[in-house]
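Work through the exercises below with the sequence and the model open. Each task is followed by a solution in steps.

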Amino acid sequence: MSNKFLAVIKLNTGEEVIAKIEPSPECDVISLDRPALIVNSEFSRKGVSIIKIEPWIKTVREKTYIVEMTNVITTCEVSDKEVISVYNNFVQAYYETENSNNKPKPKMTKQMGYISNVKDARKSLENIFNNS
């Protein structure tokens with residue numbers, strides 16, 4: 001049975017990462033499952049602060065990373081339902097849809113704005129030009 005829980009991890013680089021974590025005290029490491037970087041954005045006019053979640057490591061989509069505890073300043077379990085919901089939406093969109101490129105694309109319809117393919121449009125325009 002896994003004892004993973006959703007937490008925010010403050011790294012000594014200054015990054016705040018949200019992930020499901022599983023500490024491993026015997027190895028002095030922490031396992032980060034589906035990590036995401038938390039970026040704070042502020043709107044100066046309204047004084048409102050929002051949280052943006054983006055991929056922590058943008059070059060690969062690995063789902064699990066191991067971080068040495070010497071690189072961790074602190075961790076805190078996440079209990080805010082809104083933050084949990086935003087994180088789950090991010091995980092669904094980023095980590096769970098990586099195979100979506102293999103799905104067949106739907107055929108375009110006139111309702112979607114489809115007019116013609118290039119070959120048929122070219123023939124039609126050539127006929128109009130030749131008959132004028």
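**Exercise 1.** State which residues are linked in a network of salt bridges.

Solution. The network links K4, D33, R34 and E96. A salt bridge here is a side-chain nitrogen of Lys or Arg within 4 Å of a carboxyl oxygen of Asp or Glu. Within the pair D33 and R34, the closest N and O atoms are 3.1 Å apart. D33 is buried, at 9% relative accessibility; buried means under 20% relative accessible area, exposed over 50%, and partly exposed in between (1.4 Å probe, protein chains only). The whole structure has seven salt bridges.

The model is predicted: local features need pLDDT of at least 70, side-chain atom pairs count only at pLDDT 80 or more, and totals for chains, interfaces and linings use all residues. Residues are numbered from 1 along each chain as its sequence is written, and side-chain values use heavy atoms, with hydrogens and water left out.

**Exercise 2.** Describe the salt bridge between E54 and K52.

Solution. First, the distance: the closest N and O atoms lie 3.5 Å apart.

**Exercise 3.** Find how R122 and E126 are placed in helix α2, and give the distance of their salt bridge.

Solution. Helices are DSSP runs (H or I, at least four residues), numbered from the N terminus. R122 and E126 are four residues apart in α2, so about one helical turn separates them. Their closest N and O atoms are 3.6 Å apart. R122 is exposed, at 57% relative accessible area, and E126 is partly exposed, at 41%.

Key:
Helix = DSSP H or I, 4+ residues; strand = E, 2+ residues; numbered from the N terminus.
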